[in-house]
Amino acid sequence: MGCPKALVDSERILTQIRAEGYRVVSSYQDADLVVVNTCGFIDAAVEESLDAIGEALSQNGRVIVTGCLGADDGRIRKTHPSVLAVTGPHAYEEVMCAIHEHLPPPHDPYASLVPSQGVKLTPRHYAYLKISEGCNHRCTFCIIPGMRGDLVSRPIGEVMDEAENLVKAGVRELLIIAQDTSAYGVDEGYRTGFWRGRPLKSNIQTLAEALGELGAWVRLHYVYPYPHVDALIPLMAEGKILSYLDMPLQHGSPRILKAMRRPAAAEKVLERIQRWRAQCPDLTLRSTFIVGFPGETEEDFELLLEFIEEAMLDRVGAFAYSPVEGAAANALPGAVPEAVKQERLERFMARQAEISAARLQGKIGRRLQVLVDEVGEAGATARSISDAPEIDGLVFVDGACNARPGDFLNVEVIDADAHDLWAKIVPG
Ligand code: SF4
């Protein structure tokens, strides 16, 4: 219904519907589902749209509403409470999400060139799940918002469908990623979406809880220490999601954090970390830092060293600052000479290696569950909940030659160095 813009929306929805293998039919009786694209421009258009929804409901019964009038969810549901879903204008992804939810596309392994979980570049047993695109922050060293725009969160139902398909296809570990995972849903005002007919708020806590129901490891990356992240820690303590947080902190000096314009720079991070560890003693914290940011003095750098000593982070990556073309930080005064940057980076990494080694020594004698990545003649190479693939350490398991990638094993830690563990299998 409505203007050419709505017509184009209909065309895009129809194109996607057809591309996904659905058939478009011309009568209510032949359809499994009806999508009504409405207009809400003037009162007459509203009436006409509401009548069209009523007609579709009486003739077919299974109706999804989209378009301009969809922005007034309350009005539609008041008149027609039995509609299956309501989305606003230009909401192609949400319409498709509602269609998938109420009329899942049958996957035909003979006709479809694409597996139901999509084409993956990771091993079969783990997968990255991107929950949003873009970023609302403006860190001075970063040009991502300029390239990818502001935060746009994916509809929660769509994220959950993808996660469920991945787990059904054999994925044992979901790695949740975004530019700022903890900001999930901010752009949508934490709107309520639907998954398996269940209302779910688009926020990171609800999403983490729902993902935790799928039976796979759920690992959160790129989380900032906002107060609302506190609510994730009980989920970790209860084992619903992995007790692991990848939290890029970038520095420990308040002055440099301010110059970096980091999100949550004003939060009392050390206090927060201590509280989290009290609630969830097995929490693994991973972070990344930049040394040699413009204006960083020896005193700032010492503050950074003090910070990592107090925080006792388990996993840390660090980089010497390098000016990215177009980054606001390049205009800041006090560029640190390259040799000083490298010297600080080495001191930083040496200190962190001691901290990491001490943390890992504390694991000797403990029993852990590990996920096997590879199997060789000497045994299996696996990871514990403290180890994200590619960036963290490994657990080398003696024997275990019959294990397969994607198997979970129970092991006892027998040795450790600064980054990795060695372990033997213990009975389940
Ligand atoms: S570094 Fe800052 S601006 Fe860049 S993506 Fe991360 S939070 Fe956003």
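In this briefing, a residue is called buried when its relative accessible area is under 20%, exposed when over 50%, and partly exposed in between, using a 1.4 Å probe on protein chains only. Phe289, with 0% relative accessibility, therefore counts as buried. Welcome to this predicted model, in which local features need pLDDT of at least 70, side-chain atom pairs count only at pLDDT 80 or more, and totals for chains, interfaces and linings use all residues. Residues are numbered from 1 along each chain as its sequence is written, and side-chain values use heavy atoms, with hydrogens and water left out.

**The chain as a whole**

- The protein chain has 12 helices and 18 strands, where helices (H or I, at least four residues) and strands (E, at least two) are DSSP runs numbered from the N terminus.
- Along the principal axes, the C-alpha atoms of the protein chain fill a box of roughly 70 × 60 × 35 Å.
- Of the 428 residues in the protein chain, 48% are buried.
- A contact means heavy atoms within 4.5 Å. Among contacts in the protein chain with a separation of 6 or more, 71% are between residues 24 or more positions apart.

**Nonpolar cores**

- A nonpolar core is a set of buried Ala, Val, Leu, Ile, Met, Phe, Trp, Tyr and Cys residues joined through side-chain atoms within 4.5 Å.
- The largest nonpolar core holds 59 residues, and Leu174, Leu211 and Phe348 touch the most other members.
- Setting aside neighbours within four places in sequence, Leu174 is in contact with residues including Ala127, Ala163, Leu166, Leu211 and Trp217.
- There is also a second, separate core of 16 residues, and Val395, Leu409, Ala416 and Leu421 are among them.

- Ala163 sits in helix H6 (residues 156–168) and is buried, at a relative accessible area of 0%.
- Not counting residues up to four places away in sequence, Ala163 touches Leu129, Leu174, Leu211 and Leu214.
- From Ala163 to Leu211 there are 48 residues in sequence, and their C-alpha atoms are 7.3 Å apart in space.
- Ser49 belongs to helix H2 (residues 43–59) and is buried too, with a relative accessible area of 0%.
- Beyond residues up to four places away in sequence, Ser49 touches Met1, Thr38, Cys39 and Leu69.

**Aromatic pairs**

- Rings of Phe, Tyr and Trp (its six-membered ring) pair if their centres lie within 6.5 Å; planes under 30 degrees apart count as stacked, over 60 as edge-to-face and the rest as tilted.
- The whole structure contains 8 aromatic pairs. In one of them, the ring centres of Phe289 and Phe348 are 5.5 Å apart and the planes are at 50°, so this pair is tilted.
- That pair links distant parts of the chain, with Phe289 in strand S12 and Phe348 in helix H12 (residues 338–361), 59 residues apart.
- Phe348 is buried, at a relative accessible area of 0%.
- Phe293 and Tyr321 make an edge-to-face pair, with 5.3 Å from centre to centre and 75° between the planes.
- Phe293 lies in the loop between S12 and helix H11 (298–311), and Tyr321 in the loop between S13 and H12, so their pair ties together parts that are 28 residues apart in sequence.
- Phe293 has a relative accessible area of 0% and is buried, while Tyr321 counts as buried at 6% relative accessibility.
- Phe141, Phe293 and Tyr321 form one aromatic cluster.

**The second largest pocket**

- On a 1 Å grid over the protein atoms alone, a pocket is an open set of points where a 1.4 Å probe fits, with protein on both sides within 12 Å along at least five of seven lines; lining residues have an atom within 4 Å of a point.
- The second largest pocket has about 830 Å³ of space, a volume being the space filled by probe spheres set on the points, which are joined across faces, edges and corners.
- Its lining has 36 residues, and those closest to the centre are Ile144, Gln179, Tyr222, Pro248 and Gln250.
- Elements that each supply at least two lining residues include strand S4 (126–130), helix H5 (144–148) and strand S12 (284–291).
- The lining divides into 22 nonpolar, 7 polar and 7 charged residues; here Ala, Val, Leu, Ile, Met, Phe, Trp, Tyr, Cys and Pro count as nonpolar, Asp, Glu, Lys and Arg as charged, and the others, Gly among them, as polar.

**Positive phi angles**

- Most residues other than glycine have a negative phi.
- Tyr222 is not a glycine, yet has a positive phi of about 55°. Tyr222 is placed in the loop between strand S10 (217–220) and helix H8 (233–237), and counts as partly exposed at 34% relative accessibility.
- Met312 has a positive phi near 45° and is found in the loop between H11 and S13.
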